[in-house]
Amino acid sequence: MPQSAEPQDRLNDFVIKLANVNGTGSASANTLLMKSIFRMGVPVMGKNYFPSNIQGLPTWYEIRVTREGYVARSGRVDIMVAMNAETYAKDLQEVSSGGYLLYDSTWPRPALLKREDVTILGVPLARLCNETFQGVRARILLKNIMYAGVLAALLDIDLDVMRTLLGESYGSKKALLDSNIYALEIGHRYAKEHFNCPLPLRVTRMDKTSNHIMIDGNTAAALGCLYAGATVGVWYPITPSTSLMDAFKGFCQKWRLDPETGKRNYVIVQAEDELAAIGAVLGASWNGARAFTPTSGPGISLMNEFIGLAYYAEIPAVIFDVQRVGPSTGMPTRTQQCDIMLAAYASHGDTRHVLLFPNSPEECFYLSVQAFDLAERLQTPVFVMSDLDIGMNDWMCPALKWDDSYKPDRGKVLSKEQIEQLDKFYRYMDKDGDAIPYRTLPGVHPKGAYFTRGSGHTQYGGYTEDSTEYQIVLDRLKRKFDTAKRFVPPAVFEGRNSQPVGIVSFGSCDGAVREALDLLKRRGVHADYMRIRAFPFGEDIEEFLAQHSLLFVVEQNRDAQLRSLITLETRVEKSKLRSILHYSGFPMASTVIVDGVLAELDAKKKRVAVSV
Amino acid sequence: MSFIAKPKIAHPSLPKNALGLTRRDYEGAMSTLCAGCGHDSVTAAITEAVWELSLRPEQLAKLSGIGCSSKTTAYFVSGGHGFNSVHGRMPSIATGAIAANKDLYYIGVSGDGDTLSIGFGQFAHAIRRNINMLYMIENNGVYGLTKGQFSASADIGSKAKRGEENVQPPIDPVVAALTLGATFVARSFSGDKEQLIPLIQAGLKHKGFALIDVLSPCVTFNDHEGSTKSYSFVRDHYDEVVHTDFVAPAQEITAQYAAGEAMPVTMHDGSRILLRKLDPTYDPTRRGKAYNYLRDKLAQGEYVTGLIYIDEKSPEFHEVNGTTQVPINQLPYEVLSPGSLGLGKILSRYK
């Protein structure tokens with residue numbers, strides 16, 4: 001956003017950042033704020049920046065009110081709710097010029113809070129809480145709801161909407177509901193009495209959120225697993241993927257119990273480690289169940305050996321990599337797209353894997369379902385490459401839809417009758433010319449039995465150390481990866497071949513790129529955009545790369561992993577590619593892309609001028 | 001050279017089991033192990049046991065890790081699917097496979113390296129989950145495929161082929177399984193088919209995790225003077241404490257036993273095993289006593305064999321999970337998806 005925005009321009013267009021101490025219950029107040037704005041029909045974006053810790057460390061929540069419906073960060077902070085004295089100084093610094101800072105003035109901090117261009121708003125929240133509520137824990141928790149009340153007055157958020165939402169959360173617990181509503185109203189009243197409410201940045205009703213939901217990507221992916229008919233989920237707890245299995249479990253407890261017996265139509269195993277998790281997924285898939293494991297980068301590192309086995313022995317598997325900051329343990333509660341190369345070529349030997357790149361919780365749902373179809377169609381592991389930003393933040397997305405005519409694609413699995421008619425079954429033979437062989441399941445027919453192995457094997461399924469026999473299978477696997485191009489989701493384009501400049505990106509960068517395209521347009525810079533949704537790269541991607549003379553590859557890692565993969569796996573001319581990289585661990589803001597593109601175009605102009 | 005199919009010529013006079021199948025119908029590919037390898041005797045015992053039980057070949061799923069032992073799943077019952085996975089990770093493959101289809105018989109064949117070193121964690125957790133499988137260790141105290149390094153089951157003082165003496169204390173899989181809560185713990189010797197076959201049958205019919213640690217000498221790297229896993233050493237130092245006879249459901253117990261000597265145990269499918277105590281003071285249903293007995297004998301350099309411990313009552317994996325009766329890989333998609341109507345209900349929370 002331009003810094004010189006007039007106050008009237010700030011209607012439904014500003015950023016609230018809330019600085020809290022983790023473990024104090026601030027999440028529910030922050031979610032309440034965001035959801036109230038959403039219920040008023042105004043698009044919002046929420047991002048939670050939390051520490052890898054349970055209690056006592058700084059944590060931030062950012063709410064962007066965005067009438068345009070942008071889904072990325074803007075890079076601004078218009079009102080800082082500074083509830084953590086430890087981080088006051090840093091929080092004040094972050095406020096954009098002309099902005100506000102709200103703090104708990106029970107303990108005044110005149111020295112710390114000095115900034116001419118920021119309006120400081122003090123509310124004695126702790127004192128008000130102590131005067132009204134009993135018990136230390138209640139006072140801490142209700143202080144959060146009280147600042148939500150203050151913000152409601154300052155930003156003109158409808159109190160009735162907030163009361164309704166509180167009712168939905170605490171409906172059955174009357175005392176709790178009453179004290180929450182009371183705290184909300186105390187805050188609201190205090191602000192009305194002491195400040196000139198509302199501020200120029202404020203919320204006003206719109207109608208842009210009906211038929212939308214606010215959901216996180218892990219929950220949406222878990223729903224995808226439910227709708228894909230996955231019956232076996234095996235996992236080892238790891239941030240930020242854990243909530244995927246938690247959600248799956250919750251859905252199964254409701255929707256997967258046998259109506260007569262109450263018995264489970266699913267199995268969830270919390271494994272002893274990620275090696276066992278992927279092993280059990282392969283065992284279950286080999287035996288004909290749809291199985292998956294959610295994990296993050298460190299888990300993928302551990303799973304490598306089994307992933308190679310699945311590739312070579314051609315066993316379906318769905319792996320969710322909810323990426324976090326690496327290398328090593330890295331920063332477990334921060335986001336990145338840093339496992340691209342790891343996943344694309346996971347395991348020793350010549351291996352290549354199908355990757356899907358959802359851009360949002362919405363796509364987490366649809367691509368999860370597709371991941372199971374692809375894994376069984378192609379008989380190979382399929383990775384859904386989500387990340388912490390998509391996986392753990394609530395995103396506003398169009399309500400998910402389901403087509404009841406959907407039938408799972410179980411791929412080439414021979415039935416008992418089909419096996420019966422065969423003279424002999426050969427597991428790894430390319431009978432259809434698409435490089436995908438036929439499978440049989442254990443327990444079906446003795447003639448369909450074969451020996452699954454990670455050691456050298458022939459197209460007939462037997463052990464081999466013969467070069468020719470080995471190569472027949474290995475070459476077919478390469479052709480099978482080409483076949484995969486026909487099945488994976490195509491890229492999404494915003495303008496094709498209309499501009500000399502193209503932007504290439506994927507996954508959670510999408511929101512920032514789309515906003516950047518708008519911002520660039522306002523500055524007279526036009527670019528086409530391709531969002532890649534899968535690896536292997538299809539012909540549509542090759543075409544876009546060929547059509548543009550300058551290509552920016554936007555991604556969230558240090559080493560330009562997507563650009564590397566594009567360089568290795570397409571015919572693109574390497575010198576056309578430029579990187580725009582963001583790897584701070586926080587989700588990318590559109591400004592990163594705007595600045596990156598403009599800097600390169602300026603430098604190019606200068607280069608041209610010099611050479612002239 | 002498993003791709004060379006053996007000619008299946010069944011002579012009409014060959015005995016048939018209840019399904020009308022001969023022993024030949026339960027064979028697998030030709031073994032490529034060394035001549036005289038203990039593992040081949042175990043393979044023969046498995047073949048015999050499964051034939052006698054009249055299991056349909058496709059009802060058996062054969063799982064293994066990596067090593068000489070793990071190759072053997074290719075050498076029996078070629079009508080059942082086999083899965084030769086990665087080193088030490090067979091238990092996780094078994095866990096997933098069993099989760100998907102609880103109605104097959106699962107037999108895992110592992111070795112002392114595969115189980116007690118690289119795979120010790122997965123072994124322990126398979127026991128903890130009490131997954132319904134027969135887990136056999138072909139235990140020879142050495143790494144055969146990499147030419148004779150000591151394994152974690154090698155005894156202190158046992159000598160390698162070139163004279164090197166093992167100095168690390170062994171991990172005994174039977175002791176480990178007892179302490180981890182295994183519900184069926186047995187030890188046998190590849191050279192004692194009479195003991196081994198009924199144990200395999202009992203293990204397959206046991207509801208839960210059945211371990212049989214089979215002392216199975218390595219003729220190439222660990223069958224010399226000074227080794228405690230050689231044929232001659234094991235023969236001289238193995239001590240059967242409880243002999244097991246397997247009795248099929250319809251069969252009658254005909255043998256006569258002195259009072260207090262025999263102990264029948266009914267398995268979940270109605271078959272029985274008859275335990276004959278060779279040491280009358282021993283009780284294979286008392287875990288603590290079994291443990292002490294075993295430790296005392298080990299200290300004397302004796303391998304206790306037979307069915308050391310059995311518990312048919314503890315719930316296996318699916319009972320604990322509360323899984324539905326139909327194997328979940330056979331549930332129709334319609335019962336798995338809440339459909340568009342369900343989605344509407346689910347999403348109301350997120351509005």
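Strands count as paired if DSSP finds at least two bridges between them. The structure described here is a predicted model.

## Strand pairing between the chains

By that criterion, β15(A) pairs across the chain boundary: three bridges join β15(A) to strand β2 (residues 82–84) of chain B, and the two run parallel. Within this pairing, R453(A) stands opposite N84(B) in β2(B).

## The contact between chains A and B

The contact as a whole involves 58 residues of chain A and 51 residues of chain B. On chain A, the elements that each supply at least two residues to the side touching chain B are β7 (212–216), α7 (217–228), β8 (232–235), β9 (267–270), α9 (274–286), α10 (297–313) and β15 (451–453). The largest share, nine residues, is supplied by α9(A). Sorted by class, this side of chain A holds 35 nonpolar, 15 polar and eight charged residues.

## Confidence and overall dimensions of chain A

Chain A has a mean pLDDT of 95, with 99% of its residues at 70 or more. Residues 1–5 of chain A have pLDDT below 50, and this stretch makes four contacts in the model beyond near neighbours in sequence.

The C-alpha trace of chain A spans about 90 × 80 × 40 Å along its principal axes. A compact globule of 612 residues would have a radius of gyration near 25 Å; the value for chain A is 27 Å, which agrees. Chain A contains 19 helices and 21 strands.

## Domains of chain A

The domain assignment divides chain A into domain 1 (7–194), domain 2 (215–398), domain 3 (416–487) and domain 4 (492–611). Between domain 1 and domain 2 of chain A, the C-alpha centres lie 35 Å apart.

Domain 1 of chain A places 10 residues in contact with eight residues of domain 2 of chain A. On the domain 1 side, the largest share, four residues, comes from strand β2 (residues 44–49) of chain A. The residues of that side divide into six nonpolar, three polar and one charged.

## The six-stranded sheet

Six strands of chain A form an open sheet with mixed pairing, in the order β2-β3-β1-β4-β5-β6. At its edges stand β2 and β6 (119–123) of chain A; each has a single partner strand, so one side of each is left without a neighbour in the sheet. On average, neighbouring strands of this sheet are turned by 15° against each other, direction ignored.

Inside the order, strand β1 (residues 13–21) of chain A and strand β4 (residues 79–82) of chain A pair in the parallel sense over four bridges. One position in this pairing is K17(A), whose bridge partner in β4(A) is M80(A).

## The seven-stranded sheet

A second open sheet of chain A has seven strands in the order β9-β8-β10-β11-β13-β12-β19, again with mixed pairing. Its edge strands are β9 and β19 (534–535) of chain A; because each has a single partner strand, one side of each is left without a neighbour in the sheet. Both β8 and β9 of chain A also supply residues to the side that touches chain B.

Strand β12 (residues 354–356) of chain A runs parallel to strand β13 (residues 381–387) of chain A, and three bridges join them. Here L356(A) stands opposite V384(A) in β13(A). Helix α10(A) lies across β10 (291–295), β11 (317–323) and β13 of chain A, and runs at about 160° to β11(A).

Technical notes. Residues numbered from 1 in each chain as written. Chains lettered and ligands numbered in written order. Predicted model: local features only at pLDDT ≥ 70, side-chain atom pairs only at ≥ 80, totals over all residues. Contact = placed C-beta atoms within 7 Å. Nonpolar A, V, L, I, M, F, W, Y, C, P; charged D, E, K, R; others polar. Domains from an automatic or database assignment. Axes fitted to C-alpha atoms, helices over the stretch in contact; angles between N-to-C directions. pLDDT = per-residue confidence, 0-100. Rg over C-alpha atoms; globule rule 2.2 N^0.38 Å.
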